[in-house]
Amino acid sequence: MGSRSQTRTCLLVMTVVLLAVSAASAQFSISGTVLDHLAAPVANVEVFLYDDQGNPIGMTQVLTDGAGFYTVSDLPEATYGVEFVPPGGSQLLPVMYTGIVVNGNVTLDVTLQLGYSISGTVTDGNGFGIPDIDLNVYEQATGFKLNTPGDNTDATGAYDILVPAGTFRVRWRAVNGEPLVPVEMENVVIYTNTVINVTMQAGFFLSGTVLGPSSQPVVGADIDIVDAATNITMFTPSDNTDALGGYQVIIPPGTYDVIVEPVVLDRLLAAQVSDVTINADTTLDFSLSPGYSLSGYVRNSGGTAVPSVDIDVSFAPSGPKIITPSDITDAAGLYQIIVPAGLLNVAFTPPPSSHLAPAAQYNYAVSADAVLDMVVPTGVLVTGTVTDGSAQPVAGVDIDARVSSTGTPVLLGGDRTDAAGHYQIVVVPGVYDLQVEPLISQRLVAVELRDVSLMSDTPIATTLEAGALVSGTVTDAFAQPLAGVDAAAIIASSGDTVFTPADNTNLLGQYGMVVPLTTLNLEFYPPIGSGITDTARYPGVVVTSDRTFNASFAGGFDCCQVRVGDANQSGEDEPTIGDVTVMIDAKFITGSCTGVLPCLPEADINLSAVSQPTCEDISIGDITILIDYLFITGPALGLPSCP
């Protein structure tokens, strides 16, 4: 009994082992029929096999027969990708299937769609064909990359690929290390066979290393190259940093802003280097600083998530903008950006099509990771068009808005005209002053539209008249440039003030404003706290073209407010020893009136100046009169009236 039982057990074990071996070595097949778009069989379609990682699997060539039938045999159990490449000249598109699970024989029938060719030649600046240029095609709307076998140029620079009908983004780039600037074409519409010839420009390598605060490599950071003159982002494929933090792109000669955008999970601040001149191969390294996560949800007043909201961050109260890559809310209204510590202004601008107005959180303190949710209000859409006197569109015009009753500035998005002169802004219903401000270089007169009622969606058309640039320097009584002076232009015939935005003098005392071609009265208002209380006025200024007009508060006005002798501008009713002291200081100690005597007409006590006094007109005679008044003759002497 024992022996028979042991034999029976042994046979059972052997049977299980044989079955296991048989199962492990089981071989299966993928087979089927390939038809064209008219349901006709397609012969000579080549079938390729890939593993579940997308790597090709070597095998004997498999072609469809005259009936379109194919078989791929002897496959172990696994997950595969299968590609079908029709014969050249068939005008049929290749197709790839992934995720084909094989645990038994699989039938995979295929229908190939009709395609259209994109063909052409890629040449250099001398007209010579460039071989081995890689061509990639993406769906414009989704970014999906098409399968385009054989998409490199041949020895003559020629290429020919097939794509379906549609709208695409097409890219050409060198893959053999040549410094050729890659080319990208957006919105290429294909509905028939199309020829696109491309010229590739020689460029330079811009490369470098991106490190974190502990000098560790920053991996996967995106490098953006922005033309400093046009603000256009250059096409730079494969521009993310590698495992060592290194990057390399090819760009044409020019001046650029270079921006590094680390991934959010690294908690590192983006960085920018502006006005980088590229005229040779260039190395530019970056060291990124740590930051904090600022995240949250954006909703409308009904609590619904708002996607595609642009988030802009700047230092409060009106400091520079902070670089915040990937600052757009997703489909759930969620955003996450990296910001520095500090007091920040955070603005949320929904797309105009949403009919939602921008909103902001001002003076928001950040010292750790923070969550900031925002509700954006319902608004009205203002669609505007700006043209010149010849009915031509004006691009780059800035649109500003202020609440009419208070003058409070309104946060806007989409407030600059495009190439067609169009803009779209959304505001909450109300009454506004709209300011239409062209670039100074366009020589068009800005316009302010007062008390515009915006209670519903409103179209606005604005025509800007031609003008000329009046510019110059404004100086004080000491011939020193004066900052913060407000320049104004008044039409002489009507008395109307011309709207001239950004017309205050800079730190060098310089101003510039575009005005109508007419006769103007120019006025210059001193800044608060300057000690100057009058206005410099220049009537009858004729403007027929660009002109320089310098102004001075030393001419055409009198800073004498109380009496001659108030040399230190104290405003006291009677002279004091302080007045004598500053005059002696100016003439005999510092040797300069600048910064010592606030107003020269007050110090020219003997009225020796023929016109507006200069420092040379202040003399020992003036000091003597003042000392005589204070210590000898007294008030009986009297002092001159203000000139």
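1. Basis of the note. The structure is a predicted model, in which local features need pLDDT of at least 70 and side-chain atom pairs count only at pLDDT 80 or more, while totals for chains, interfaces and linings use all residues. Residues are numbered from 1 along each chain as its sequence is written, and side-chain values use heavy atoms, with hydrogens and water left out.

2. Overall form. The chain contains 4 helices and 43 strands; helices (H or I, at least four residues) and strands (E, at least two) are DSSP runs numbered from the N terminus. The radius of gyration of the chain is 38 Å, whereas a compact globule of 643 residues would have one near 26 Å. That radius is taken over C-alpha atoms, and the globule rule is 2.2 Å times the number of residues to the power 0.38. The C-alpha trace spans about 150 × 70 × 55 Å along its principal axes. Buried residues account for 42% of the 643 residues, where buried means under 20% relative accessible area (1.4 Å probe, protein chains only).

3. Largest pocket. About 610 Å³ of space lies in this pocket. Of its 26 lining residues, Asp400, Val410, Leu411, Leu412 and Asp415 are the closest to the centre. A pocket is an open set of points on a 1 Å grid over the protein atoms alone where a 1.4 Å probe fits, with protein on both sides within 12 Å along at least five of seven lines; lining residues have an atom within 4 Å of a point. Grid points are joined across faces, edges and corners, and the volume is the space filled by probe spheres set on the points.

4. Lining of the largest pocket. Strands S24 (310-315), S27 (342-349), S28 (359-366), S32 (398-403) and S34 (430-437) each supply at least two lining residues. The largest share, 5 residues, comes from S32. By class the lining has 12 nonpolar, 6 polar and 8 charged residues. Here Ala, Val, Leu, Ile, Met, Phe, Trp, Tyr, Cys and Pro count as nonpolar, Asp, Glu, Lys and Arg as charged, and the others, Gly among them, as polar.

5. Second largest pocket. This pocket is lined by 14 residues, and Asn231, Ile259, Gln272, Lys321 and Ile323 lie nearest its centre. Strands S17 (222-227), S19 (254-261) and S25 (321-322) each give at least two residues to the lining, with S19 giving the most, 3 residues. The lining comprises 5 nonpolar, 4 polar and 5 charged residues.

6. Mixed sheet. An open sheet of 3 strands has the order S33-S31-S36, with mixed pairing; two strands pair if DSSP finds at least two bridges between them. Its edge strands are S33 (422-427) and S36 (458-464), each of which pairs on one side only. Strand S31 (residues 380-388) runs antiparallel to S33, joined by 6 bridges, and Gly384 stands opposite Tyr423 in S33.

7. Antiparallel sheet. Another open sheet of 3 strands has the order S38-S40-S41, with antiparallel pairing. Strands S38 (486-491) and S41 (536-542) stand at the edges with a single partner strand each, so one side of each is left without a neighbour in the sheet. Strand S40 (residues 519-525) pairs with S41 over 5 bridges, and Thr519 stands opposite Val542 in S41.

Key. Buried < 20%, exposed > 50% of the residue type's maximum accessible area, 1.4 Å probe, protein only.
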